[in-house]
Amino acid sequence: MIQSTELSCCRILVIISRPIDIQDMPNISDQWALQDALKRIKIPALLKILHPPTVESFRSEILSGYDIIHFDGYSGFGIRCPNCSGLSSVQEKVCGRCQYLLDGEIERDYLAFEREDGKLDSIASEELAEIVMSD
């Protein structure tokens, strides 16, 4: 076993998503606490904040290769509107954002990313896993 006296750099992608159309989202994020903790334990790390926190920017950025992905935002179980990507509760039959009929749509776990206009763009946890695994 070869031992190195030099630690390799840990690459961390931080996604801070605060869609403007989700109520009760705290404005405080913990990226500074994460950065301070890494300094205290002296781990060489590259901390990249994804901006804007859109699904497309995530798809592009993940190709750069990261050791850790830290998501700071909203997640929930519901139905994603195929028309506008808004999230609705399982009980709702019509999208609250665009009034699209949700019959036949499947409930899943979603993470709340943002669109370019700052509004919610949801992505299913399975889709997120596919993006990360295809890297």
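The chain contains three helices and seven strands. Helices (H or I, at least four residues) and strands (E, at least two) are DSSP runs, numbered from the N terminus. In sequence order the pattern reads β-α-β-α-β-β-β-β-β-α. This is a predicted model: local features need pLDDT of at least 70, side-chain atom pairs count only at pLDDT 80 or more, and totals for chains, interfaces and linings use all residues. Residues are numbered from 1 along each chain as its sequence is written, and side-chain values use heavy atoms, leaving out hydrogens and water.

Take the sheet next. Four strands form an open sheet in the order β5-β4-β6-β7, and their pairing is antiparallel. Two strands pair if DSSP finds at least two bridges between them. The edges belong to β5 (87–88) and β7 (120–124). Each has a single partner strand, so one side of each lacks a neighbour in the sheet. Strand β4 (residues 75–80) runs antiparallel to β6, and four bridges join them. Here glycine 78 stands opposite arginine 108 of β6.

Now the chain as a whole. Of its 135 residues, 35% are buried. Buried means under 20% relative accessible area, exposed over 50%, and partly exposed in between (1.4 Å probe, protein chains only). The accessible surface comes to about 8700 Å², and carbon and sulfur atoms account for 52% of it. These areas come from the Shrake-Rupley method with a 1.4 Å probe; for residues, only the protein chains shown count as cover. Contact means heavy atoms within 4.5 Å. Among contacts between residues at least 6 apart in sequence, 61% join residues at least 24 apart.

Which aromatic rings form one cluster? They are Phe58, Phe71 and Phe113. The structure holds two aromatic pairs. Rings of Phe, Tyr and Trp (its six-membered ring) pair if their centres lie within 6.5 Å; planes under 30 degrees apart count as stacked, over 60 as edge-to-face and the rest as tilted. Phenylalanine 58 and phenylalanine 113 have ring centres 5.8 Å apart and planes at 55 degrees, so this pair is tilted. The pair links distant parts of the chain, 55 residues apart: phenylalanine 58 lies in helix α2 (residues 55–61) and phenylalanine 113 in strand β6 (residues 108–114). Phenylalanine 58 is buried, at 1% relative accessible area. Phenylalanine 113 is buried too, with a value of 1%.

Phenylalanine 71 and phenylalanine 113 form a tilted pair, 5.6 Å centre to centre, with 40 degrees between the planes. This pair also links distant parts of the chain: phenylalanine 71 in strand β3 (residues 68–72) and phenylalanine 113 in strand β6 are 42 residues apart. Phenylalanine 71 is partly exposed, with a relative accessible area of 22%.

Another ring faces a charge. The charged end of arginine 11 sits over the ring of tyrosine 66, 4.7 Å from the ring centre. For this, NZ of Lys or CZ of Arg must be within 6 Å of the ring centre and within 35 degrees of the ring normal.

A search of the whole structure finds zero disulfides. A disulfide is a pair of cysteine sulfur atoms within 2.5 Å. For cysteine 10, the nearest cysteine sulfur is that of cysteine 9, 7.1 Å away. Cysteine 10 counts as buried, at 18% relative accessibility. For cysteine 81, the nearest cysteine sulfur is that of cysteine 98, 3.6 Å away. Cysteine 81 counts as buried because its relative accessibility is 1%.
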